[in-house]
Amino acid sequence: MSEHKIKPVTIQDDKYRFDAFKNGEVLFGKKGRLPAMGWNSWNAFGSGNNEELTKAMADKMIELGLDKYGYIYVVLDDGCYASKRVEGHLASDAEKFPSGFMAMSDYIHSKGLKYGMYNDVGDRLCSGLEVGTVGYEEIDCQDYIKWKIDYIKVDNCYNIWDNATFSCPKNAKYTFAPDIKGIKLVKVSKEGTKSSNLEMGVTKYSISDGKITGERAYIEGGYATGIGTFDGTSPDASPVSELSSEVHFNVNVSEGAEYDLYVDARCRTREGSGGWLQVAVGTNYYYDDLLIDSVDTEICTDKPIRIKLSKGENVIRLMNHRRQENTLTSYAKIQECFEKLAPEKDILFSICEWGKTQPHNWGYKVGDSWRILNDITFQVGSDGDPGTVSWEGAYTTSVTAQYNKAVIMDEFAGLDKGWNDPDMLVIGMNGMTDTMNKTHMTMWCMLNSPLMLGMDLRRVEKNDDIYKIITNEDLIALNQDALGVQAKRIFTSKGVKPDTTYLRDNDRVDVLAKPLSDGSVALSFINVSLGFREDRISISPELIREYIGGKMKDADNFVNASKYKVKNLWTKEESVVEANEVAEKGFNVSGLAATDNLTLRIIPM
């Protein structure tokens with residue numbers, strides 16, 4: 001525990017480094033898993049969930065037959081633990097869960113369902129309960145295995161190594177590099193001493209000699225600032241951008257030797273400016289630590305960093321990827337413990353750090369899914385109150401805020417990786433109309449998002465409108481299709497590049513295409529706006545192939561079909577369309593009501 005209270009753990013294995021994020025190496029977990037389906041307690045009850053309510057939800061899942069459609073996980077979210085540990089162990093809240101977690105597990109398993117729980121990589125949970133996993137990973141994993149969990153959702157509140165929500169803003173010192181003004185190189189003599197003059201190898205470089213990579217950092221007042229990673233809980237930065245910045249100095253030396261590197265820097269404690277510096281030459285790390293413990297000082301470097309340079313061209317990298325690396329190692333620590341203690345146990349691992357550290361870049365290494373943004377709503381329900389959600393909002397808590405980010409993140413998801421998670425379904429909450437509910441379900445199914453119901457299931461009856469939406473087998477089949485490919489946006493009425501442009505203006509119609517394992521394609525026209533759209537949009541088979549042909553089972557067969565069977569997945573209407581008619585009119589829509597969608601399954605014949 002003492003090490004955790006001083007500074008982040010030393011990263012001794014390069015597989016946890018930023019440089020390994022794109023290598024495709026999965027460190028933990030079982031890939032090939034389709035998106036999870038189930039029920040989570042948070043949206044319905046917040047911290048007010050209890051044993052009686054959870055049993056009622058499990059009972060209702062069986063009564064409604066939701067398990068037959070794939071909804072099998074029952075997950076206890078925040079608020080179920082005692083406020084403090086008992087002899088170092090997690091314990092249930094004695095009033096809310098008097099029978100304990102093992103009894104809860106047994107009850108859920110007796111229904112043929114799977115049991116999920118929740119924790120946090122910080123020292124507290126988001127509710128403030130002082131039972132986070134940091135420093136207790138192995139003890140907690142032992143308890144979770146004892147309780148026979150099948151699923152764990154792990155949050156990121158009170159992460160002491162990130163200036164996260166609820167955490168001390170001064171922790172920016174861990175997540176950003178100092179502001180860089182320049183560097184000085186001093187060649188080390190063969191005897192190991194520094195040279196003392198320019199003739200013996202002292203070279204200076206100002207920030208104007210350097211190069212900033214990525215989009216986070218910028219030069220201000222002669223300093224490079226913002227050397228780190230964008231905060232992903234903000235909607236301001238596109239998720240497909242180069243989200244982390246470094247400062248590179250290209251240096252050319254006539255002799256390979258050791259050099260002392262002096263960094264002219266200013267340490268501060270605010271978003272964009274910190275005190276933690278990483279130094280590498282190419283991919284070889286030479287320094288990874290705080291430059292100074294007390295920050296907010298004009299000069300925070302007074303000791304050299306010994307590096308090795310090769311004869312000729314070298315790239316010295318000044319950076320701080322700790323915002324991502326620290327979070328990855330925190331989640332990996334839990335997975336390490338599960339693998340050590342119960343390697344045969346199949347536990348679905350849901351990363352819930354709200355997209356803060358851009359987990360779509362590294363989450364596949366340790367998790368089955370990763371949240372991409374803040375909670376979809378902060379106005380959760382309670383016993384008898386369904387809670388409230390918005391279709392669109394000014395910042396991040398809305399259906400469309402989640403969709404707008406997830407819809408261009410398809411290249412980060414897949415059976416070999418895991419799934420982007422735009423949070424739980426809010427179908428059945430206040431603020432959602434039937435049309436919104438249908439389109440929300442469509443979005444999440446097309447995007448291969450986890451389908452975790454968040455409503456009080458006591459408000460649902462067989463064959464009512466909500467029931468028909470959440471049990472639409474045709475839509476669920478898209479989400480659970482064996483090919484496991486997230487839909488790609490292939491058209492937007494905004495007239496921009498559809499598959500990578502981050503759009504936050506909802507006054508538009510999008511078209512998503514999703515390849516399926518039988519060679520068919522799901523095509524969804526979505527009116528993202530709150531008003532009627534008159535758009536007449538025609539999509540050709542060739543356009544579909546242009547965008548998703550490489551992921552289709554047989555793209556040429558699809559394009560060259562003599563006719564197509566077309567099924568509307570909401571009305572269930574079917575038709576057969578000749579190829580010449582498709583060539584003339586395409587697959588088309590002529591106007592969509594506010595927040596409505598037209599979703600088709602197109603089967604080549």
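**Close-up 1. The lining of the largest cavity.** Lining the largest cavity are Asn-40, Tyr-151, Lys-153, Ser-350, Cys-352, Arg-371, Asp-421, Asp-423, Met-424, Pro-450 and Met-452. The model shown is predicted, with pLDDT of at least 70 needed for local features and 80 or more for side-chain atom pairs, while totals for chains, interfaces and linings use all residues. Residues are numbered from 1 along each chain as its sequence is written, and side-chain values use heavy atoms, leaving out hydrogens and water. A cavity here is a set of points on a 1 Å grid over the protein atoms alone where a 1.4 Å probe fits but cannot get out, and lining residues have an atom within 4 Å of a point. The largest cavity holds about 90 Å³ of space, its volume being that filled by probe spheres set on the points.

**Close-up 2. The second largest cavity.** Here the volume is about 60 Å³. Among the lining residues are Arg-33, Leu-34, Trp-419 and Pro-450.

**Close-up 3. Asn-119 in strand β3.** Strand β3 (a DSSP run of E, at least two residues) spans residues 114-120 and includes Asn-119.

**Close-up 4. Helix α8, residues 399-406.** Eight of the eight residues of this helix (a DSSP run of H or I, at least four residues) are buried, so α8 is largely enclosed by the rest of the structure. Its cover includes α9 (434-446), β21 (509-515) and β22 (521-527).

Technical notes. Buried means under 20% relative accessible area, exposed over 50%, partly exposed in between (1.4 Å probe, protein chains only). Contact means heavy atoms within 4.5 Å. On a 1 Å grid over the protein atoms alone, a cavity is a set of points where a 1.4 Å probe fits but cannot get out, and a pocket is an open set with protein on both sides within 12 Å along at least five of seven lines; lining residues have an atom within 4 Å of a point.
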